[in-house]
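Dear colleague,

Please find below the structure that I am handing over to you, followed by an account of what was found in it.

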Amino acid sequence: MERRTDLRKNLFYYSIFIPAFAVIIFLTIYPVFSVLYMSFFKYKYLFDIKVFIGFKNFVRIIKDSLFQTSLFNTLIFSAVATIAEVTLGLFLALLFYGRFPGKRVFLIMAVFPMMISTMVVCAVWRTLYHFDFGLLNYILKTSGLKSVGWLINPNIALFSIILVDIWQWTPFAFIIIQAGLNSISKEIFEAASIDGAGYFNTLISITLPILSKQILLVFLLRTIDTFRIFSKVYALTQGGPGNSTETVSYYIYRQGFTYFNLGRATTASIYVLLVISVISVFYIRNIMREEA
Amino acid sequence: MAKIAMERKSIIFWILLFIVLLLVLFPIYWIVITSLKIPLENISPIPTFFPKKPTLGNYMNVFEGGFFRYLSNSLIVASSSTLISLTLSFLASYALVRHRFPLKLNYIFLIWILIVKILPPIVLAIPLYTLFTSARLINRLLGLIIVYQVYTLPYCLWMQYGFIRTIPIEYEQAAEIDGASKTQVLTRIVLPLSASGLVATAIFSIIVAWDEFLFALLFIRDPSLLTLPLRIVNFITEHETLWGELMGIGLLATLPVLLFSGYVYKRLTLSFSMGLK
Amino acid sequence: MKKAFSLSLILLFLIIPLFICAVGQQEKGPVKLTFIGRDAVYGDAIDIAISEYVKLNPQVSIENLELPYASQYEKVVIDMKGAVGTYDLILIDDPAATQFQRAGWLANLDELLKKRGEKLDPDLISTAVKLGRYPYADDGTLYGLPHIGNVELFVYRKDLFQKYGLSKPEKWDDVLAAAKKIQAGEKDVYGVVFRGVKGNPITSTSLPLFWAFGANVLDSKGRPALDTPEARNAWEFFLKLKDYAPEGVAAYNSAQVKDALYSGRAAMAIEVWPGWVPGLNDPSKSAVVGKAEVTTHPGQVKKSSPMLGIWLIGIPEASKNHEEALDFLLFLTGKETQIKIAEIGLPPTRESVFMEPGLIKKFPWYPVQVAAMKNGVGRPRTTQWKELEDIYGAYLQLVLIGKMTPADALKEANSKMKEVLE
């Protein structure tokens, strides 16, 4: 009898798990393994040149100064953008907690940016950033300050792109953290306020620990996403000025889709994979901690 | 917290809210007025904060360019792929949270989808193109819906996994003692409890599918099957950008997602939270 | 309520894909050709030709796919590589043609013409036709026909040159001197403008200058030749020009160059394409009507060698409609169609069309342009041009923004190019 319910339970879990499992396997096993395979070849897709070269791609790419710069820029981008987005998202979630008139309308307004097509977001920021006729420089000039080379100063351009990403994706962090905050039962807070804990005390000792799972999740998802930053670079600076906004995805895109050097493109992706695996092992450990 | 929320309706709260909304909304305001300006005004060296001669001409051009066809393609693709991802990921994440599969499958699977998620889609595109060509899924919306699972499913799985993990198991145990079947536990207890997580996941998934460009570009060739992002980039050409039309279609394309999010948010949070207590 | 919700969720999930299957499965008619080309005015040109063509050939229908530059290239390559045969006619930027021909993806047009019992019309300008041949020689096999005859031109402001007693620049030194003089005298006018965005834009902008200084990207044996005194002179000169360009020039692309020129904020544009200039004399778009002179590039140690940028059209080997596609291709590159296309501002590839009095009236620089085209030089014929171009453009921009000296940049670019070509 016991066994039978166990079996039925197992059957239940398998049957709800298998559909997603099957879809993922169908879509990814072949591509991912072909990626691994191709990285050991000098593979010029256009001419069917496919020569086994062992680890040569790996050596070449790690030595390529453009790849190094791209990796460095990507790390900066990902770290700054993620931290800023999570912090601001948390701030917004706390700001929006509780009831106040017009909450729903404000809430929808606040998540507006991430719903706009990325292409349009980039286009509007490009006009705002324009050196000669952009609104930002216009405001600076009329208030007597010097124009800033938002997208043309090699020291600033990367941060200008980060700013766009923050603008667009902070709402994402906000939504998830908010969902977590709403699921905390109100009694906990009430208990805390009876105990006389102040706002910041409650925040640090109660709210943040409970929210830690959501916050980690957002960190993880945003790290991965910002690590793949591509379309903003493509639309705003195309990697320039100089190499100041080259990112790994853009590097892979060019190797893969402009030159069709699949061997190199896949090797570069494997490096990305390695870097991000190191980062995500940390997250996964934390997220799954209790289970282990 | 209720007390704290009351306190925070202070002036500082409203000032902060105002600043946030200003920063968020200003670029959107800029999109709106750009879409209402005539072409010449959009390239004038001195930016204007309000259109001198407001026009709806840009919107007319967008509509005449077959906006509704692209809109319905996008709607079909985004909603179907979201529904699939949401359903599959909800079920699978529940299984992953509550059941230990043999061979450490839980870990392997979660890490595997993370790897998939990390790989730049560009790298997957070429092998997938070959795969889909042989499956006769190229140039069909169904093909797009399936291929979008590469983006949306790992995301949904991770998000759902994160949310379902926070649900205390006691509710389910109580229901089971009362004699509820597993299916009933899932639909009556777990589903309502993960409502706000489902909302966040759904909104996010639809946005990703709505905005996807690369696969749509490669997998669709029939102009009548184009999705909105493909149409949007057509307004950015080599020699000039049709600012008015670009911003116009950008706004129009945002409306469905916005309405969807508003609706899902209201519907789910209301009905489920009431069902719960 | 909850049950109903989950039920409808599942139902939707089942029904929608089915519905889409049904929708996706229509199609098929008589002969249907698919053309894959560019967006904007390039797309309009094809639409004009299609509407005329289907009037004469009602049994044929032609679908015109319009895409941005990079997307079009990606789609074409992936499709032709898989020999899927989705497209019957493809638009090719001339430097990419070498790759396609070498890979054997394009149908042999010589043979197809022979089958029809026709010969290539000699009216098509031979330097442009040659770009569609492989190997790149007058007797190479023909794989593509020239559709749009772009050639890089030079613009200067006649009125400003007169004001400062300058004559048409014959040498690049004259350009520098004029830029200096005009910028010193005129407030709000830049001496020169050009495209400074890395990659293709800055490369295209600088190649005529590079060539005029006697430098070359590849030597006659196809090896990188950047590490030479000529190349250094050219890049050092380019850097000097920058002092008379707008501060943000590193972010200038076609649209910004065009705006600067049209609004009268530039005395010279060292790179313009025929597609950008038709509006120069249109008072609703331009503040410099009748003041800007379109001409060929100055020389330096060598004569001016204008850069060709021809749009070719080829027929993929995998297409199932070779004959029908060729028929449309000949119509498209025929004289009457070219005149119609020229009227919307895209330059033809037939000598006789450049001589049409009606068109010369509208585009007074046509005689200059046809002369430039006949002496024009194509970009290096290599299968890896895109990669080389990106290297060239990346390093030149590093020089432009002052991150590297010309000598160092050229040396590094040279060794990178070597690595690519090996």
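This is a predicted model: local features need pLDDT of at least 70, side-chain atom pairs count only at pLDDT 80 or more; totals for chains, interfaces and linings use all residues.

Chain A contains 12 helices and two strands.

As to overall dimensions, a box of roughly 80 × 70 × 30 Å, set along the principal axes, holds the C-alpha atoms of chain A. The chain has 292 residues, of which 50% count as buried. Its contacts were also sorted by separation in sequence: among those in chain A between residues at least 6 apart, 70% join residues at least 24 apart.

Of the 277 residues in chain B, 51% are buried. For contacts in chain B with a separation of 6 or more, residues 24 or more positions apart account for 77%.

I turn next to the contact between chains A and B. Chain A contributes 78 residues to this contact, and chain B contributes 76 residues. On the side of chain B that touches chain A, helix H2 of chain B, which spans residues 11–36, gives the most, with 10 residues. Sorted by class, that side of chain B comprises 57 nonpolar, 12 polar and seven charged residues.

The remaining topic is the contact between chains C and A. Here, 20 residues of chain A are in contact with 22 residues of chain C. Which elements of chain C give two or more residues to the side that touches chain A? They are helix H3 (69–81), helix H4 (94–102) and helix H17 (385–400) of chain C. H17(C) gives the most to this side, with six residues. By class, the side of chain C that touches chain A has nine charged, eight nonpolar and five polar residues.

With kind regards

How values were computed:
Residues are numbered from 1 along each chain as its sequence is written. Chains are lettered from A and ligands numbered from 1 in the order in which they are written. Helices (H or I, at least four residues) and strands (E, at least two) are DSSP runs, numbered from the N terminus. A residue is buried if 20 or more other C-beta atoms lie within 10 Å of its own, exposed if 12 or fewer, and partly exposed in between; C-beta atoms are placed from the backbone. Two residues are in contact if their C-beta atoms, placed from the backbone, lie within 7 Å. Ala, Val, Leu, Ile, Met, Phe, Trp, Tyr, Cys and Pro count as nonpolar, Asp, Glu, Lys and Arg as charged, and the others, Gly among them, as polar.
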